[in-house]
Amino acid sequence: NGNSTIPQSLALALLNALELAAAADSSTAALPLLIAVHRMAGDEDELIHSAMRKNESLIPLMTDWLPKATRPMAVATAKAAGLSAACTLRLLSDAGAALDGSELAPLLRYGTSVLAEARLQEACKAALQFSVQREQDAGLLIQMLTGRLKLGSKGEDKIADVGIMIRVAQRATSLIKLDPNQASDALLEALENSEELVPPDVNEARDMQAVLEELQQVIRKSISIRN
C-alpha cells in the first residue's frame, strides 16, 4: 500500500530536520519539529506508530534536548523544546518503547535536577517510571542510581527530589529477590556508602537511605545463599 510510506517518509523527514536543528543548537528551529513529533507519537494510527518505532535515532534525538533546557540562562524556546521532548519520551515509554541505560540516565538526571523546571521534571519522571517498571536488569538500575547520586554529591547537578529514585531502588531490590543470580560483589561495591550521598535536605531523604540499605542487604543475602 503506497499510503503506508507516507507516515514513514514524514517521520524520517522530521527526524532529519531535528538532527540539523540539534547540530545547529537551534531551539527555535527544533521546537515546531518536536511538537510535530509529539503529536505523531500520540497519534492512534498504527502506521504512524510503526514509522516512529522504526527510527532508532528518535529517542536519542529526544534526550539530546533535555540538557539544553536546563542550561543556565536557557531561553524560553529551549525550555519548551526540552519539555516537548520529555513529553514525547513519556508517550513512547508508555507505549512500550525500549529505553537503554544511556537514555534512562538523562531522564533520571533531569527528572531530579534542581536546574529543571517542574513540568520538565514531571515529564522525565513519568517516562522513567514506565520504563523502570518493565526493566529486568537490576545492575542497570543500580548503575543509574549510583551515577546520579555521585553527580549530585559533586555539586554538578544537585538533586531536588528522590521519589523516583526510591522507586528505581525498589525495582532493583524486587528483581534481585526474584533472581538472586543478578546479585554480585560488583553491585555491592557500587552501592557501598551510597546512602551517605543522599542529600539530607530533600523530602524522603531517610526513605531513600533506607531503601538503599535494604538493597545492599538483599544483595549480600543473595550472594551468601548462592555461595
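Predicted model: local features only at pLDDT ≥ 70, side-chain atom pairs only at ≥ 80, totals over all residues.
## Salt bridges across the chain

A salt bridge is a side-chain nitrogen of Lys or Arg within 4 Å of a carboxyl oxygen of Asp or Glu. K79 and E117 form one through their side chains, with N and O 3.1 Å apart. This pair links distant parts of the chain. K79 is in helix 6 (residues 76-94). E117 is in the loop between helix 7 (101-111) and helix 8 (118-134), and 38 residues separate the two. Helices here are DSSP runs of H or I with at least four residues, and strands are E runs of at least two, numbered from the N terminus. K79 is partly exposed, at 32% relative accessible area. E117 is partly exposed too, at 43%.

Residues are numbered from 1 along each chain as its sequence is written, and side-chain values use heavy atoms, with hydrogens and water left out.

The structure holds seven salt bridges. K177 and E214 make one of them, at 3.5 Å from N to O. This pair also links distant parts of the chain: K177 sits in helix 10 (residues 163-178), E214 in helix 12 (residues 205-226), 37 residues apart. K177 is exposed, at 52%. E214 is partly exposed, at 33%.

K125 and E122 form a salt bridge inside one helix. Their closest N and O atoms are 3.1 Å apart. Both residues belong to helix 8, and they are separated by about one helical turn because they stand three residues apart. K125 is buried, with a relative accessible area of 11%. E122 is partly exposed, at 46%.

D25, K68 and R71 are linked in a network of salt bridges. D25 lies in the loop between helix 1 (5-23) and helix 2 (27-41). Its phi is near 55°, a positive value in a residue other than glycine. D25 is partly exposed, at 37% relative accessibility.

M73 lies in the loop between helix 5 and helix 6. M73 is exposed, at 80% relative accessible area.

## Helix 8

Helix 8 has 17 residues. From first C-alpha to last, helix 8 reaches 25 Å, close to the 24 Å expected at 1.5 Å a residue. The expected span is 1.5 Å times one less than the number of residues.

The buried residues of helix 8 include L120, A123, L128 and V132. Their cover includes helix 5 (65-69), helix 6, helix 7, helix 9 (138-153) and helix 10. S131 lies in helix 8 and is buried, at 6%. S131 touches S93, A97, L99 and L104, not counting residues up to four places away in sequence. Contact means heavy atoms within 4.5 Å.

## The core and a buried loop residue

The largest nonpolar core has 71 residues. A nonpolar core is a set of buried Ala, Val, Leu, Ile, Met, Phe, Trp, Tyr and Cys residues joined through side-chain atoms within 4.5 Å. L18, M62, L128, M165, M208 and I219 touch the most other members. Leaving aside neighbours within four places in sequence, M62 is in contact with L18, L34, V37, A85, T88 and L89.

T112 is found in the loop between helix 7 and helix 8. T112 is buried, with a relative accessible area of 0%. Beyond four places in sequence, its contacts include R148, K158, D161 and M165. T112 and S26 are 86 residues apart in sequence and 25 Å apart in space, C-alpha to C-alpha.

Notes. Buried < 20%, exposed > 50% of the residue type's maximum accessible area, 1.4 Å probe, protein only.
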